[in-house]
Amino acid sequence: MKENVFDVLLYLFENYMGEDPQTLPDPDSIRTELIAAGFPHRDIDKAFQWLESLTESQPIQTTMPTFRIYAPEEMAKLDTECRGLLLFLEQSGILTSSSRELVIDRAMALSSEELSLEKLKWIVLMVLFSQPDQELAFARMEDLVYDNAPIALH
């Protein structure tokens, strides 16, 4: 079975999301659990680095609406459908321009060639979960990820 960093991140998110940080096992215990689950050491290390970079990111402060122009590398990784989702999420208030940039940064940090729309939705969910005061945006995105609410432009 071919595992990758995204699979490790998804496992961590699904198994530890919502846990009280004081009751979480230490990182070494989590690593041991991931190894026992069959994830390669290299992917576990990269997943932890990805998460550390997520928590260390400083938000970009903007005072006016922004327009995003994608670099060629970003366009290669984020197809038209993915870029459309990011635009929709920003226009609907789920993402801010700051959180959009963090999502793009974390998407680019994954080594896979191109991201699927489903993987991008999970990345958005992980980013929103990690950010303070984003509970409403997280709940709205969670509905989209779990297909509890239709995506409609109004």
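Good morning. I begin with F129, which is partly exposed, with a relative accessible area of 40%. Please keep in mind that the structure before you is a predicted model.

F129 has two aromatic partners that I wish to describe. One of them is F138, and the F129–F138 pair is tilted: the ring centres lie 5.5 Å apart, with 50° between the planes. Is F138 buried or exposed? At a relative accessibility of 12%, F138 counts as buried, because the limit for that class is under 20%.

Across the whole structure, a search finds six aromatic pairs. Among them is the other pair of F129, formed with F13, and the geometry there is edge-to-face, at 5.7 Å centre to centre and 90° between the planes. Which parts of the chain does this pair link? F13 belongs to helix 1, residues 5–16, while F129 belongs to helix 7, residues 117–130; the two are 116 residues apart, and the pair thus joins distant parts of the chain. F13 itself is buried, at 7% relative accessible area.

F13, F129 and F138 belong to one aromatic cluster, together with W122 and Y146.

Which charged end sits over the ring of Y70 at 4.9 Å from its centre? That residue is R68. R83 also lies over the face of Y70, at 5.9 Å from the ring centre.

Thank you for your attention.

Definitions and conventions
Residues numbered from 1 in each chain as written. Predicted model: local features only at pLDDT ≥ 70, side-chain atom pairs only at ≥ 80, totals over all residues. Heavy atoms only, no water. Phe/Tyr/Trp six-rings, centres within 6.5 Å; stacked < 30°, edge-to-face > 60°. Helix = DSSP H or I, 4+ residues; strand = E, 2+ residues; numbered from the N terminus. Buried < 20%, exposed > 50% of the residue type's maximum accessible area, 1.4 Å probe, protein only. Lys NZ or Arg CZ within 6 Å of the ring centre and 35° of its normal.
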